[in-house]
Amino acid sequence: MLGKSLNHRYIPGLDGIRALAVLAVIAYHFNFRWASGGFLGVDIFFVLSGYLITSTILPMQGEQITINLRKFWIGRFRRLVPAAYVMIMTTFVWVMLFHKELLNTLRGDALSSIFYSSNWWFIYHKLSYFDSFGSPSPLKNLWSLAIEEQFYVIWPIVLIIGLSIVKKQSKFSNIIFIGAICSAILMAILFQPGADPSRIYFGTDTRSFELLIGCWLAFVWPMKRLSTKKLSTKHVYELNSIGVITFIIFIVSILFVDEYQAFLYRGGMFLFCMNAALLIACVCHPASFLGKLLSWKPLCWIGSRSYGIYLWHYPIIVLSTPVHEIGNPVYWRVALQLVFILIVAELSYRFIEMPIRKQGFRTYFRQYLVINPSKWHNFSIARKIATAIIPLFILVFFTGMTGVVGEAQHDSKENYPTNIKINGEEHSIKDSAQQNKTDEEVGPSVEKNDDTSQTEQDEPIENPIKKPYKELLAIGDSVMIDIATRLHTLYPNITIDGKIGRQVSQAVKLVPSYTRFNQQEKAVIIQLGTNGYFTNDQIDTLLGAFSQAQIYLVNTRVPRPWETKVNNALATKAHEYNNITLIDWHSTALNHPEYFAPDGVHLEPKGVEALCNLIQQAIDAHQKEV
């Protein structure tokens, strides 16, 4: 995400790498299935940032570093902060005007982003990476910029102190590499398969190895000393061969890796970054064929504007995509979003990033923001409009940040209990989402015939099961909480255990409490996967605990990237086990956004009815076969 520095030579091929990296990230955020590993584009940026910044600081000759820290930090501030602040303020004002339901969440996100601490904010002060409802935060992409800015503040000091103690760059480079290994080991230790990876995904300490690998590369492959002189034909061939191989590995990783693979957090990401370092090293060399190939002008154009593209792409995607389309991209919308992203990034590059970077803040402010009344009549219409709008814009932003403007609350997490248990022999606990609804609003089961009269609909429907199970158990997450009251009405002998944010790894721990349901005359309904993916061992453990009972496995419709992965895994298990019936909620709900609350996850009464109907039909069908 760095631009070209005046302290080292410009390498067009690196802009090509930036372009591919940012395009991979965008494809991932568009939820294109062919770009499941697109998030690795951020890893490329981290390695590249470490390499370029360290190359800028290291001297051409000798071991002694002579750097003006104040000048360095001001340069980084000019390069990164203005464009980011404009994006944050614009996004916040847009949410105030058109997406007030996000306002409460966005205040904290915006404040932490302004101080470049959003990665830790997401870890400790927000919903987890998996347990989030509605549209994702439009500022969530700034976690990576927060890590980079923290790096820019700390790394020059570490570099100066380290080299003053160790003296020799070659020895210090070994210490850097050991530090990278330690960071990768910490990621592996903290990783728990099937659990929320937010701590290791957003943590500065667990992602430091990516930046440190780039820093290490700057020591062992100094950009300023690369030359084609005295390079044999054999060495050129080896250089190009390594470049092509590492480039292929990069592309293959983007296409086939996904964030649910345990190997990724147990060394896989480290290996990918090492491959990225080799790729960058090859592209930087003047003799590199790949470097010339990646210098293609369209790629260089995208690469030179990659910072603005990265800044703006996520809020544009989030704020202009209906919740029910998340995970199922509509290509005409994607095309419009891409065009708008590139236009906004170009405007940011031309009118914010480059002018401030070249001229500095004072000159920029004098030229564009300071008003001289005597010259007002010479201003263009656009300048006059901007002069009038900018103060109003800033006022609206600070008004929203102070909480003067209230936010709309739509099915927020606070409206749901943390858990619910309903047992036919005990008291029934209705979730708060249903408490305010009368029995008539929740309604009985909806018949297939659209011409069913109102009188028929108002009459209670008897449970048609001819061979009822002795007992039923239902285990699920927040969706189970939504349907709990209706399920209990249909099956008074049912035991329901639902908890918001529940994942399969947590459900496995419930097994000892429900061993009595592992009998042939009993049935278990399992509705999980809303909050994240799971490992094969975890789902096998859960299903195996009820090997004697009949299991009804409900797949998921959730506007999140893991939806397809979860449903494929559940379909596979339904084929592997003879006692499992798959309930295809996804196909039923896919084209019915009216089934869902504004968050795209929790169910409206129509959705409750539709899902309960599917469950009831599956149970009835299986009972008739017995």
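What share of the 626 residues in the protein chain is buried? Buried residues make up 54% of them, where buried means under 20% relative accessible area, exposed means over 50%, and partly exposed covers what lies in between (1.4 Å probe, protein chains only).

A quick word on what you're looking at. This is a predicted model, so local features need pLDDT of at least 70 and side-chain atom pairs count only at pLDDT 80 or more, while totals for chains, interfaces and linings use all residues. Residues are numbered from 1 along each chain as its sequence is written, and side-chain values use heavy atoms, with hydrogens and water left out.

**The chain as a whole**

The protein chain has 25 helices and six strands; these are DSSP runs numbered from the N terminus, with helices being H or I of at least four residues and strands E of at least two. Take the contacts (heavy atoms within 4.5 Å) between residues at least 6 apart in sequence: 79% of them join residues at least 24 apart. The accessible surface comes to about 28700 Å², and 62% of that belongs to carbon and sulfur atoms; areas come from the Shrake-Rupley method with a 1.4 Å probe, and for residues only the protein chains shown count as cover.

**Salt bridges**

There are 17 salt bridges in the structure, each being a side-chain nitrogen of Lys or Arg within 4 Å of a carboxyl oxygen of Asp or Glu. Here are some of them:

| Pair | N to O distance |
|---|---|
| Arg18 and Asp15 | 2.6 Å |
| Asp205 and Arg199 | 2.7 Å |
| Glu346 and Arg305 | 2.3 Å |

Glu346 sits in helix H15 (residues 331-368) and Arg305 in the loop between helix H13 (297-304) and helix H14 (306-319), so this pair ties together parts that are 41 residues apart in sequence. Both Glu346 and Arg305 are buried. Arg18 and Asp15 are both buried too, but they are three residues apart in helix H1 (residues 12-29), which puts about one helical turn between them. Asp205 is partly exposed at 28% relative accessible area, and Arg199 is partly exposed at 25%. Elsewhere, Asp43, Arg207 and Glu210 are linked in a network of salt bridges.

**Trp73 and its surroundings**

Trp73 is in helix H3 (residues 69-98) and counts as partly exposed because its relative accessible area is 31%. Not counting residues up to four places away in sequence, Trp73 touches Tyr152, Val153, Pro156 and Ile157. With Tyr152 there is also a pairing of polar atoms: the backbone oxygen of Tyr152 lies 3.0 Å from a polar atom of the Trp73 side chain. The C-alpha atoms of Trp73 and Glu149 are 9.9 Å apart, although 76 residues separate the two along the chain.

One of the members, Ile251, lies in helix H10 (residues 233-256) and is partly exposed at 32% relative accessibility.

Ser505 belongs to helix H21 (residues 504-507) and is buried, at 19% relative accessible area. Leaving aside neighbours within four places in sequence, Ser505 is in contact with Gly194 and Gln538.

As for cysteines, Cys300 is buried at 12% relative accessible area and Cys612 is buried at 1%. A search of the whole structure finds zero disulfides (pairs of cysteine sulfur atoms within 2.5 Å).

Key:
Polar contact = N/O pair within 3.5 Å; in protein donor to acceptor, adjacent residues only side chain to side chain.
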